[in-house]
Structures are given as structure tokens and as C-alpha cells.
Amino acid sequence: MKTKIFLAFFTVILTALLSNFIFEWLIMRDFENYISGVKEDQLYWITVSAESSYESGKWNLDILSETIHWAMIMGIDIKILDLSGNEIISSHKIMESLPHVMKNGMEGLFHLHTTTGIFQEYPLYRRGKIIGTLSSRPFQKKEIAEKEAVFKKRTRNFLLISFLIAGIGSLIIALLLSQYLSKPIRNLKMAAEKIEHGDFSVRTLTKAHDEVGKLSDVFNKMAESLQKEEKLRKQLMSNIAHELRTPLTIIKTQVEALADGVITDKEKGLENIDGEIGRLINLVKGIEDVTIAEASFFSRLEETEINLKEFLPGVTAELLPLFRDKNLHIEVLDDKDLFVTVDVEKLEIIIRNIIANSLKFTEKGGVSIHYGIDINRFFIEIRDTGKGIPENKIPFIFNRFYRGDKTDSHGLGLGLAIVKELINVMHGEIQVKSMVGEGTSFSIFLPLSKR
Ligand SMILES: Nc1ncnc2c1ncn2[C@@H]1O[C@H](COP(=O)(O)OP(=O)(O)O)[C@@H](O)[C@H]1O
Ligand SMILES: [Mg+2]
């Protein structure tokens with residue numbers, strides 16, 4: 001990550017460098033074009049001026065010498081030749097004709113005698129006819145050449161320095177930024193490694209509100225739920241061990257007593273053993289249900305369409321014998337078609353667990369079931385005429401291992417925890433109303449159709 005960000009910046013800098021070179025090249029080219037353009041203009045002007053000094057077969061030497069003067073000031077060494085190649089006038093001749101002091105001064109300016117280089121020849125015309133030749137070459141004017149060189153050098157230096165400042169600056173920024181950007185990711189990686197080694201207490205510190213911040217949030221939530229699960233798992237294991245020990249101890253002593261002949265009432269002994277085995281079976285069933293409920297966190301909902309009118313009586317019919325044994329009734333009071341799309345297996349576990357509690361905590365009367373629609377949800381209400389739940393206990397009944405009556409030998413206190421977990425997975429809601437001595441009603445609300 002760090003290297004990637006850095007490389008990205010580096011590419012940007014490299015592009016900037018390249019464009020810097022192109023820019024420099026363009027400036028230099030423009031400068032050179034400008035200079036040669038100016039020179040061409042000057043030469044054109046000189047040519048025209050020389051041509052105009054030719055009138056009816058004669059050269060006007062006054063005009064010509066003025067032209068040459070101007071040319072010299074512009075830095076051009078000039079010779080004008082007639083058609084047969086004889087020199088009419090030249091920069092040299094003009095110089096020679098000057099008074100001595102002036103000549104020296106001019107020489108210092110133009111370096112006439114040290115100027116070398118090939119003359120460039122241009123034909124001179126008058127009324128469409130060739131009248132002579134103009135030869136020209138630039139003076140070796142040191143100052144101008146130096147000035148040009150200085151200009152070029154300065155431009156180059158300016159571009160180089162500005163590039164260096166920008167380049168080094170952005171390089172440093174790139175380094176710092178890549179360090180800064182990758183820091184939260186590195187923290188996250190370190191935290192993930194800790195979790196890998198079983199330390200669920202790690203959290204990453206996040207201040208950012210960007211993607212990385214969100215990722216850290218999700219990570220922390222994950223770590224938290226892992227920690228919670230780990231705690232519950234340990235609790236569950238110790239509870240299971242504890243719950244297993246009691247019936248197993250009772251079975252062991254009963255069997256030993258039977259074998260030793262200490263117990264006279266064999267039938268009573270066997271009944272005790274059978275009861276404890278039943279407890280063990282219940283325990284295993286409870287653990288199975290917890291496993292199913294937990295697994296449903298990770299599995300998709302298996303939704304199918306059912307008609308509550310047929311589904312609910314089907315569930316109660318299976319439980320009917322147990323209710324009859326206790327002289328209780330169980331009935332579905334509604335009788336209307338209501339098609340819903342749900343995970344049937346989970347819905348069944350939920351209803352069974354709630355009804356099993358009603359059966360356990362009801363001594364007279366029984367259970368009645370209602371169902372119907374509540375805006376965009378459907379509800380199933382299971383009401384019993386049992387002993388009820390004290391108001392201050394209601395907040396705890398969905399906790400794992402919570403049992404209202406610790407002496408109650410049936411149950412692990414897992415039933416309602418499972419119910420709650422499944423309801424959550426199914427995006428539903430559960431409500432409880434209860435009056436001690438009068439009864440309890442559980443209402444579950446679930447979405448009518450697939451989400
Ligand atoms: N229908 C009910 N009537 C009275 N008390 C109930 C009812 N349903 C649940 N409870 C209370 O809530 C507790 C938790 O229920 P549950 O999680 O199913 O555990 P368990 O059934 O193993 O005791 C019960 O121990 C009981 O005190
Ligand atoms: Mg229960």
C-alpha cells in the first residue's frame with residue numbers, strides 16, 4: 001500500500017519532469033525562432049533599402065552608405081556587388097572612410113576585423129531585373145551572443161530550480177502522505193494478527209470518517225462480537241458440564257445402589273434413572289437448538305410460503321398429548337387464510353420453545369394462539385393462563401441460562417435466548433406481556449414477505 005501510493009506519486013513527478021523538459025525545449029525553440037525572425041526582417045529591410053538606391057542605371061552611394069550604417073548598427077557585415085562582381089560599397093570601406101577616433105570606437109562595437117564566417121548572397125532587383133548582389137554575415141558581436149547565452153542559461157536554470165523545488169517538495173509530500181495514508185491499514189493489520197492469535201480484546205483507534213475509518217469500525221464490531229461469542233462459548237461449556245454432572249451422578253449412584261442391592265424398590269430406582277436420562281436428552285436437544293440458532297447467523301434464510309391457517313394447527317397437534325397429560329387445552333383461535341413467506345424450520349423452533357414454556361409454567365387452563373396482520377408484518381400471539389412472570393424479571397428472560405426458578409429441574413434457560421436470536425436473524429420482533437398469577441402472552445412479529 002505504502003509503496004503503491006509512493007509509486008503513484010513518483011509517476012506524477014516523472015511526468016512533471018518530462019513536461020518540464022518539453023516546456024524548456026519549446027521556450028528555446030520559440031526564442032530561436034524569434035531571433036531568426038528579427039534577423040530576416042532586418043535583412044529584408046536592408047535589401048529593399050539597397051535596391052531603392054539604384055536609379056536609372058546608377059547607384060546612389062549616399063543612400064547606400066546610410067543603408068550600410070544601419071546594417072552595421074543591426075550587427076550585420078555587408079558587401080554590395082554590381083553585376084560583374086565588383087564591390088560597390090561594403091562595411092569595410094565605410095569603416096576605412098571614417099575619421100581615426102570614430103573608427104576605433106566603431107571597431108570596438110562591431111569587431112569588424114575579427115569577424116569571420118561565410119557571406120550569404122542575396123540577389124538585388126530593380127523593376128524585375130537583377131542589378132547586383134548583397135552579401136551579408138553577422139558580426140562577431142560578443143555582447144549579443146553573450147546576452148543570448150545568458151538568457152538561455154537563465155531560462156534553463158529557472159526551469160531546473162523550479163522543477164527541483166517542486167520535485168523534491170512533492171517527493172517529501174509523497175513519502176509523508178503514503179506513510180500517513182497507510183498507517184491505519186497497518187494498525188488494522190496488526191490488530192487482525194492479534195485476533196488470529198486469540199486476543200479478542202484488541203480494537204483499532206479510528207478518527208477518520210473515510211473508507212478506512214468505516215473498515216476500522218466494522219473491524220472493531222467484529223472483534224467485539226468475537227469476544228462476546230468467545231465469552232458465551234466458555235460460559236456455555238461450563239454450564240453444560242455442570243448440567244451434565246448432576247444427572248450423571250444421580251444415575252451412577254442409582255445404578256450402584258441397584259447393583260449392590262441397597263435399593264429394595266427396584267422400580268422406583270429405574271424410574272429415577274429414566275427421569276435423569278430424560279433430562280440428559282433434553283439437555284442435548286437444547287444444545288442442538290443453540291447450535292442451530294447460532295449457525296443461522298451465517299446461513300441464508302430458507303424462505304418458503306406457508307399458510308398460517310394450516311401451519312399453526314400442525315405444530316400444536318404434535319404437542320397436544322403433552323397438554324392432555326397435564327389436563328390443559330391448546331388451540332388456535334383464528335381460522336383464516338394467511339400466506340406468509342418465512343423460514344419454516346426457524347419459525348417452528350420459536351413457536352415450540354414458547355409453547356414449551358407455557359406448558360411448563362401453566363397448571364390450569366391452557367394455551368390459545370392468535371395470528372393476523374400488523375401493517376407490513378404478520379404476528380403470532382401465544383397466550384397462556386400460567387403463573388406469569390414478575391415484571392422485574394421480564395428484562396432477563398431472554399438472556400442465556402436465565403431461569404426464573406433455579407430449582408426447576410427442567411430446562412437450561414436457553415429456550416428464550418434461542419427464540420430471541422432466531423427472531424433477530426429473521427428481522428422480526430418479540431413482545432412479552434405478563435401478569436403474575438394470571439398468565440403470559442408472547443407476540444412475535446415478522447415481515448410478511450421476502451426482504
Ligand atoms: N410462559 C411463561 N410463563 C412463566 N414464566 C416464563 C414463561 N416463559 C418463560 N418464563 C420464564 O423465563 C425463563 C426463561 O425461559 P427459557 O429461556 O425458556 O428457559 P427455561 O425454559 O429453560 O427455564 C423461565 O425460566 C421462566 O422463569
Ligand atoms: Mg424454555
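User: What makes R126 and E55 a salt bridge?

Analyst: Good place to start, and keep in mind that this is a predicted model. The closest N and O atoms of R126 and E55 are 3.0 Å apart. A salt bridge needs a side-chain nitrogen of Lys or Arg within 4 Å of a carboxyl oxygen of Asp or Glu, so the pair qualifies.

User: Why can we say that R126 and E55 tie together parts that are apart in sequence?

Analyst: R126 belongs to strand β5, while E55 sits in strand β1 (residues 54–55), so their pairing links parts 71 residues apart in sequence. Across the whole structure, a search finds 19 salt bridges.

User: How do you know that β5 and β6 pair?

Analyst: Strands count as paired if there are at least two bridges between them. Strand β5 (residues 120–126) and strand β6 (residues 129–138) have seven bridges, in the antiparallel sense, so they meet that condition. To see one of these partners, look at Y122, whose bridge partner in β6 is L134.

User: And what lies between β5 and β6 in the hairpin?

Analyst: Two residues separate the strands of this hairpin. In the turn, R127 has a positive phi of about 50°.

User: Which residues surround ligand 1, and which helix gives the most?

Analyst: There are 19 residues around ligand 1, with N357, K360, D384, G413 and L416 the closest. Helix α9 gives the most to this shell, four residues. At least two residues each come from α9 (344–361), α10 (415–425) and β13 (439–447). By class, the shell has eight nonpolar, eight polar and three charged residues.

User: What makes the nonpolar surface patch?

Analyst: M1, I173, L177, Y180 and L181 make a patch of about 500 Å². Among them, I173 has its place in helix α5 (residues 142–196).

Technical notes
Residues are numbered from 1 along each chain as its sequence is written. Chains are lettered from A and ligands numbered from 1 in the order in which they are written. This is a predicted model: local features need pLDDT of at least 70, side-chain atom pairs count only at pLDDT 80 or more; totals for chains, interfaces and linings use all residues. Side-chain values use heavy atoms; hydrogens and water are left out. Patches are made of residues with over 30% relative accessible area and no salt bridge: like charges are joined within 9 Å, nonpolar side chains (Val, Leu, Ile, Met, Phe, Trp, Tyr) within 5 Å. Accessible areas come from the Shrake-Rupley method with a 1.4 Å probe; for residues, only the protein chains shown count as cover. A residue is near a molecule or strand if one of its heavy atoms lies within 4 Å of it. Ala, Val, Leu, Ile, Met, Phe, Trp, Tyr, Cys and Pro count as nonpolar, Asp, Glu, Lys and Arg as charged, and the others, Gly among them, as polar.
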